[in-house]
Amino acid sequence: MSAIQVQGVTKAYGSKRLFEDVTVSFNAGRRYGLTGPNGAGKSTFMKILSGDLEPDTGVCSRPEKTSVLRQDQYAFEDVRVLDVVVMGNHKLWAAMQEKEKLLASENLTDAEGERLGELEGVIAEEDGYSADSEAATLLEGLGIPVSEHERPMREIAGGLKLRVLLAQALFGKPEALLLDEPTNNLDLDTIRWLERFLCEYQGVLVTISHDRHFLNEICSHIADIDYETIIVYPGGYDDMVIAKSQVRSRVEQENAERTKKIEQLKDFVARFGAGTRASQVQSRKRQIEKLALSDLKKSNIARPFIQLLVKKPSGKQTLTIEGLSKAWPDVPICKDFHGLVTKGEKIAIIGRNGVGKTTLCRMLVGELPPDAGTITWGHQATVGYLAQDHREGIPNDTTVNDWLHSIDPSAGVQDIRGLLGKMLFAGDEGKKPTRALSGGEAVRLIFAKLMLTKDNVLVLDEPTNHLDLESIVALGDALSKYEGTCFVVAHDRDLISQFATRLWAFTPNGLVDFRGDYDAFLAQYEDAGAAAKGGGKKKK
């Protein structure tokens, strides 16, 4: 079997039904993006596909060789990095381990000798003799240098551990591949490498991602969780959005026309029901039954309304940087960097993980001093900050409402309630303890704070972490319309292309100040441009 088959699957948590009686096939040679807003049940459905979770009703079958991206980065602390990757092929790894035990035996019995021959066959069949080479190729593609391959997992950085687990999922030519947020912790170059790899993958792929560009690049189909079911649309994410809105509009229009017709028929029945036109009345009643409205369940998609206003504009020269140098702790972040930023410029900060993007943000907001040089904010500049650890700026001993009131005591109850409503905190959710906030809720709450303070400068470090696709689109719209100056660390290419007028890019030659948009940057820097073009074509 080379497809994943889902038959009559239902799953609910308490009174909240995620999906009901879902029947869908995911076929070999197709690459599916699994989409839906936060809380729609994407990760739950992925666990059902992988067999890690049983549905309330229904069944799910999958190919024997199904590979799943695991998120437990501390599960293999004492295992060599290359071996962790090879473990992705369970059949091969089991055969290699058994062979090793038999070879360690001093006197092999005839039966053990026979078994050894069988194991050699399995290893050859699974390309075991080139396993280390294939694993190394995957690791290098995912940005893990050769110097790390022989180390035990406990000796490599946390961000690299997640990449090793991604390599493990990709290893061994699985028939089915289930990837939940595979681009997390990947920089732009590595995401492009992954896109090229997945576009050449021949099995059935199901992936969850909040990176719209990634979904548009790799997906031949989108499986969208909404209306308590899963609907499969051909094409990438943008194709799905268009098709979905067209279907919804058509059904709503048909229902409006039917409603009008039903009212006309009911009026006839009411006027002539007691008269001599009984046969015509009965005919109209049958027509009413036939015109029953299409079941139009409520969509669970909700997009926050992010509106970033400026209370008072800053001076024209918003930021001056002279001779900035920094190493953290011993990684060179920048050396003798100069820059003048004027009011209204929108700067995307890009580069590989670990090069110092967060350190640069922390210097901008005064949390870290430079080793040399100066950072000088201009006249009346007020800086709003969203840290990479989004929980960092929110105290744990208060509620959502009370924290926002503490930021601006002059704000009225209705003002705070309206602000929270825009950020999808409905009804009594304003009373929610801040310690109980999810990652997505914490980000939305910080945006509510920034909408309240109306700063004329924003420093946003990875603002898309924990946001669903709808919220990322809303953020892009808000940054495009923002009249202040902003510095945004992002790996989302569509977002960068949407708002950025200038880039601070960490390149092999150091921190570069590029005046222009992201497409112009790719065109000018040949190595980045070539990598982008290599992964830019969709295969369907």
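Pro332 is exposed, with a relative accessible area of 64%, where exposed means over 50%, buried under 20%, and partly exposed in between, using a 1.4 Å probe and protein chains only. Pro332 belongs to strand β11, residues 332-342; strands (E, at least two residues) and helices (H or I, at least four) are DSSP runs numbered from the N terminus.

The model is predicted, so local features need pLDDT of at least 70 and side-chain atom pairs count only at pLDDT 80 or more, whereas totals for chains, interfaces and linings use all residues. Residues are numbered from 1 along each chain as its sequence is written, and side-chain values use heavy atoms, with hydrogens and water left out.

For the protein overall, there are 18 helices and 18 strands. Of its 540 residues, 48% count as buried. Along the principal axes, the C-alpha atoms fill a box of roughly 100 × 80 × 45 Å.

Let us turn to Thr10. Is this residue buried or exposed? Thr10 counts as buried because its relative accessible area is 12%. Its place is in strand β1, residues 4-13, and its side chain reaches the backbone nitrogen of Asp21 at 2.8 Å.

Finally, Lys312. This residue sits in the loop between α10 (278-290) and β10 (317-327). Lys312 is classed as exposed because its relative accessibility is 54%.

How values were computed:
Polar contact = N/O pair within 3.5 Å; in protein donor to acceptor, adjacent residues only side chain to side chain.
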